[in-house]
Amino acid sequence: MNKKLITSFVSAALVCSMGMSGVSAVTPVPTMHNNNQVTATSLSRSVADYKKIEGINDQTVLGADFTHYQQDLEWGKTYYNYKSVKIDNLFKFVQGQGINTISVKVAVNPDTSSDKTKCYTLDSAIKTIKAAKEAGLKTNITLFYSDDVTYANSQQLPAGWTQDNAVEKAADYTKEVLNTLSKNDALPTMMTIGNEVNYNFLGLTEGGGWDGFVAMATISKLINEKGVKTALSFAAPDDAEGIQYVIEKLGYAGVDYSYLGVNLYADRNGINDYVKTLRATVKEKAADKQLIVSNIKFPRKNEDETASTETQADSIYNLLSASISDSNAGGLIYDEAEYVGSWNGFFNEQGLAQTSLAVFGFAQGWNIDIDSYRDPYEYGDDTGLKEKNVTINKISNMSESTIRGVDVGSYVALTNAGVKYYDYDGKEQPLMKILKDNGVNYIRLRIWNDPYNEKGETYGGGDSTVDNGLKIGKEAAKYGMKVLVDFHYSDFWADPAKQILPKAWQKDANDPDKMCENIHDFTKDTLQKFKDAGVDVGMVQVGNEITKGMAGIHNKDSNNSVWKNESQYSVLDRYLNAGSKAVREILPDALVTLHIETPNRQIYSMIMDAWEKGNVDYDVLGSSYYPFWWNTPDMLRDVQTLAKERGKLFAVMETAWVNSYEDGDGTPNSIGSDYGLYQYEIGPQGQVDELTDMYKVLTEQDNGLGGFYWEPGWIPVKAGWTNWEYNKEVADKYGTGWASKGAVGYAPDDEMYYNGQPSWGGSSWDNATLFDIQGNVLQSLKFYKDTVSLGKVQTTRINIVNKEKEVLKTEYVNVNVGDTKTITLPKVNGYYASKGNYNYTVKGDTDGVKTVTVTYNHSTEANLVEVDGELYLMQDDEVLHETTLAQVNKKGTWYYVEDGKVNKDFNGLFQYGNDWYYIEKGAVNSDYTGLAQYNDQWFYIEKGKLNWDYTGLAQYNNQWFYIGKGRLDWNYTGIAYHDNQRFYIINGRLDWNYSGRVRYKGKKYTVKNGRVL
C-alpha cells in the first residue's frame, strides 16, 4: 500500500488591502524564525510584573476580534505558535493564552468585491462563531446597522434605508440575523447593538438621538428573547462622567442590556484613569450593568519604533486592570487580534504568535510557558517515546512458529542515506539484529520491476528493486529469518487506487498470453535469484492489495468491480496462476498468497468466487488490517473464518498503529491528529494493544498463520520537520521518501501533486514506526518476543480428497512439534472415510505448515438393512446413528429409526421434515385416523399424519371432541358442525346429556341431548 497524506505546504503571496498601516505581503513556510519579533525572552523578563488582576473572574470579557479570520484563511494565511509550530486550531490556541470571547463585526450589505469590506459578511461571521463555540469560547457579534464600519461621527444607513423607515428596517434586520444565526447553530453569547454610537444610532440625531435609543430598546428585546445578552457600543464621551447621560437615555428608552461598551483609541491621554472614571460612573448610575471596553487596539510596531510587544502587553494589562473592580467584572474586546501582519494584532507578517497575547492569561494568574518549550519533532530532539514503558501479556496460542513478521521494504534506501538504528542500550545495531533480538521471525519485502525513469532517477518509496530486495533477503537469512517476497507487478506502488503496468509490459497490455508469460518469467527469474542467494523464502505474494484489480486490469469503482466482470476476472485469474506456477516451479515448498485489503466478508467472498471460477492456485488469503482505517477485530475474524471455510490459510499482510500524531521529517504523515483516533492509545502502548487484539484473532483459529507490521523502521533520514528540505533532497537521491520527483509521469498526478504543488518528499509513515524519529527502538517492539507462550507448532493442512484427487474439504489442526493429536475428521456428503474410521492422528514433526492428504470413498445411500432380525439404518457399511424415518430400499412402510435402529416398541407422534406422523409399534400407521397424544396435548391424525388444517369434530374412544387447527381445544365451548348437523360442545367435548337454552355468538339456541335443534 502507498501510505501517504495528500497534503503539502503551499506557499502563496498574501496581500491585505484593508487600508491599515503596517500590513504587508506574507509567504508562510513550514519553518520560520522570529525575524521581526521581540523575543519571548524579552517579555518573560517582565512576566513577574503581570500578577493576577484583583477582581478578574469568569464574567470578565477577555475578547479577541476575529472579523478578518475567514479572509485570512481564504488568502492562505497560516498561524504558528511562539516556537514556529503550526497551530492546528487557532481558537484553542488563543483560549490557552487567556482569551475567553471571540468577537466579529457584521455589516448589512458589505461590498464583497472589496477586500476592505468583504470580511463583514454574516456568512463569514457564522463560520467563525461556530468554530469558536466548538472550542468552548464565548462569542459576540457586533452589528453595524450599516454597510460599512460606523464611527462616532459617521453612522451611515445601509442602502435602501431612510430615516423614516430606519427603526422598522433595523428591527426586521435584527430578526433576520437572529433567525439565520439560530438556524446555523451560531447564536452568540452576546450581541452588540451598533458600533461607536454617539447619540446618532441609525443616523437619528434629533432630540439627542432619542429615536435611536428607542430603536435600541426594540432591538434589545429581540436579542434577549433569543437568550442572547445585549451589549452596546458607544463613542467615548470627552468627559468620562458624561457616560451618565447615555445611561439616563438608555433608561428612559427602556433599553434592556447587560454590557455597556465604550470604544477607545490607544492615543487617548490618560486612558486608564479615564476608564476608572467610566467604571465609577457606571457603578453609581447603573450598578447592574457591566462596563467593558468594546473596541481597543495597541501597536506593537510603529514607524517611529516606539512600540513593541512589551508596550502592547503592558497597555493591555493596564487597561484591563482599570476596567475591573470588585463591583465590575469589566474586560475588553481587542481589535484585529488574529489579523496576520497587522501592526496592532498578535500575529506578525509570518503568522507567528506574539507573546503579548499571553498577557490575557497572566492577568488571570495563569502560568503560560512562552519561552522554554522546544518541540522535539520540529528540531529532531528526543521525543521521549523510547522511555515510554508498555504492558505486554502472553497470548495463549502465540507460538514460536506464529508469523511475527515485519515489512522493511525501505531498509536499503534508508541505510544508503545514512539512517541508523539503536537498541535498548543505545548502541547502534543493524536493523535486522534488533528485529531478531525482539522476536521477529519473518521479513516481508516488496518487488517493483523497474522503479526508475528514463533519466535513471528513482521513483522513491524505498527504491524497491530486485537487487535491493536480495540485499534485504540475504541479511534476513543471516539472522535466521524467513522472507516473504511481495510482487507488485508494477514499477511503483500497486494498491487499490492504482495497478499500473510496468513500462516494459505496457505494449502487451492487450495480449493476455504475453502478459501471462511476462508475469511467469519475471516471477520465476526473481525467485531463482533469491534461491541462489540462499534466502529462505517461505511465502510469495502474487500481487499487492489486488482488491480492485492487478497488472493494469483495474477499476477503482467498487460498484463495477473487475471481480464481477467475467471478461476481466477470467484474464486476472490467468495472471494469478501464471505467478503461482512460477512459485511452484522454483520454490515448491513456499506458500502462495493472494493479498486484498479492508476486511469485508462480502467483498472478499465475491473476489474468492472469481478465483474459484478460474481454479486459481494459492494457499493463503492475505489481508491488510489497519484499525485507524476503521478495520475491527470482528471484521478480521469474519474474513479469517471465510478463508477457513474456503480451505485456505490466513495471514495479515500489513498492519500498524501510530506512536504519536506528530510529523518528524516535514512530509505530512498518512495518519494525523485529524483522524481523532479512539480505538487504542496513541503511543507505544497503543501499538502493543493493537497487535495483541490482532494476534488474538489470528491465533484463535488453526488456519491463522500470523501477520506482518508494515514498515516499522521507516523513520526520517534527518529527524525534525525543520529539515524537510534536506529530507526531500535525500529522497530524490536515494528513494527514501514515499515518492521522489523521478516518479512524475509514471505515478498518477493526483498523488504527486496537491493543489498544483509537489507532494513528494520524505516518509509519510514516521509516526507509525516501532522506532522513534532518532532511530531508537521503542518498547512496543518487545511484543513479538514477550507474547509467545508456546514452543514450535505445526499447522497441519489436511486435504480430504476423493479417488480422483479432487479436494473435497480442507481442515486445519495445530499440534506442538514433538506431540501427536487425534482428531475426528468431518463427514462429507456423498463420501465416507475408509472403513468408516473418521479418527485421524496428526504427528507434529514440522515447524510451520505441513500438508497431508486423506482419501474418502464415494458414498452409498442410506438404507434399512436387516441384521440378526433387527432393522438398522446403514450407509457405507456402518450404522448411521440418527433418529429419523426410513424405508427398506426406498419402498413400502416407513419405520421409526432411533439412534440408527428401528424401535418396534415406539408408539406416538414423530416429526419428519415439516410433518408429524403417527407411529405404532415402530412403523407409520397410514390407516389410522383419530387422536394422538404428544406432550400432554391431543392432536388430530388423518391417515397416519397430523392434519394441521382440520377444524371440526373428531371421534375417539366413543367420544366426540372439538379440534381447532389440528389440536384438541379443551377451552372451546360453543356450536360445532358435523355431517350437516350442529352439536353443542362444552370444554372441547360433545355432551350428549346436555339439554337447554344456550347463547352462541349473540343468538340463543335450543339444545337437546347435545344436538342443536
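I began with what covers the buried residues of α4, and the list includes α2 (69-74), α3 (90-96), β2 (101-106), β3 (138-143) and α5 (166-183). I take buried as under 20% relative accessible area, exposed as over 50% and partly exposed as in between, with a 1.4 Å probe and protein chains only. Covering rests on contact, meaning heavy atoms within 4.5 Å. Helices (H or I, at least four residues) and strands (E, at least two) are DSSP runs, numbered from the N terminus.

I noted the ground rules: this is a predicted model, local features need pLDDT of at least 70, side-chain atom pairs count only at pLDDT 80 or more, and totals for chains, interfaces and linings use all residues. Residues are numbered from 1 along each chain as its sequence is written, and side-chain values use heavy atoms, with hydrogens and water left out.

**Helix α4**

I checked its span. α4 (residues 122-134) has 13 residues and reaches 18 Å from first C-alpha to last, close to the 18 Å expected at 1.5 Å a residue. The expected span is 1.5 Å times one less than the number of residues. Its buried residues are L122, S124, A125, I126, T128, I129 and A132. G136 follows α4 and has a positive phi, near 85 degrees.

**Helix α6**

α6 (residues 206-225) has 20 residues and spans 29 Å between its end C-alphas, close to the 28 Å expected at 1.5 Å a residue. Buried in α6 are G209, G212, F213, A215, M216, A217, I219, S220, L222 and I223. Their cover includes α5, β4, β5 (229-235) and α7 (243-253). After α6 comes G227, with a positive phi near 80 degrees.

**Cavities**

I found four cavities of 30 Å³ or more. A cavity is a set of points, on a 1 Å grid over the protein atoms alone, where a 1.4 Å probe fits but cannot get out; lining residues have an atom within 4 Å of a point. Points are joined across faces, edges and corners, and volume is the space filled by probe spheres set on them. The largest cavity has a volume of about 60 Å³. Its lining includes D65, K105, N140, T192 and I333. β2, β3, β4 (190-197) and β7 (290-296) each give two or more residues to that lining. I sorted the lining into one nonpolar, nine polar and two charged residues. Ala, Val, Leu, Ile, Met, Phe, Trp, Tyr, Cys and Pro count as nonpolar, Asp, Glu, Lys and Arg as charged, and the others, Gly among them, as polar.

**Cores**

A nonpolar core is a set of buried Ala, Val, Leu, Ile, Met, Phe, Trp, Tyr and Cys residues joined through side-chain atoms within 4.5 Å. The largest has 117 residues, and I443, W563, Y575, W611 and Y784 have the most contacts inside it. Helix α16 (residues 566-586) gives the largest share of this core, eight residues. Another core lies apart from it, with 99 residues, including Y79, I99, V293 and L332.

**Two lysines**

Most residues other than glycine have a negative phi. I looked up two with a positive one. K921 has phi near 50 degrees and sits in the loop between β36 (915-920) and β37 (923-924). K921 is exposed, at 67% relative accessible area. K965 has a positive phi of about 50 degrees, in the loop between β42 (959-964) and β43 (967-968). K965 is exposed, at 63%.

How values were computed: 1 Å grid on protein atoms, 1.4 Å probe; cavity = no way out; pocket = protein on both sides within 12 Å on 5 of 7 lines; lining within 4 Å.
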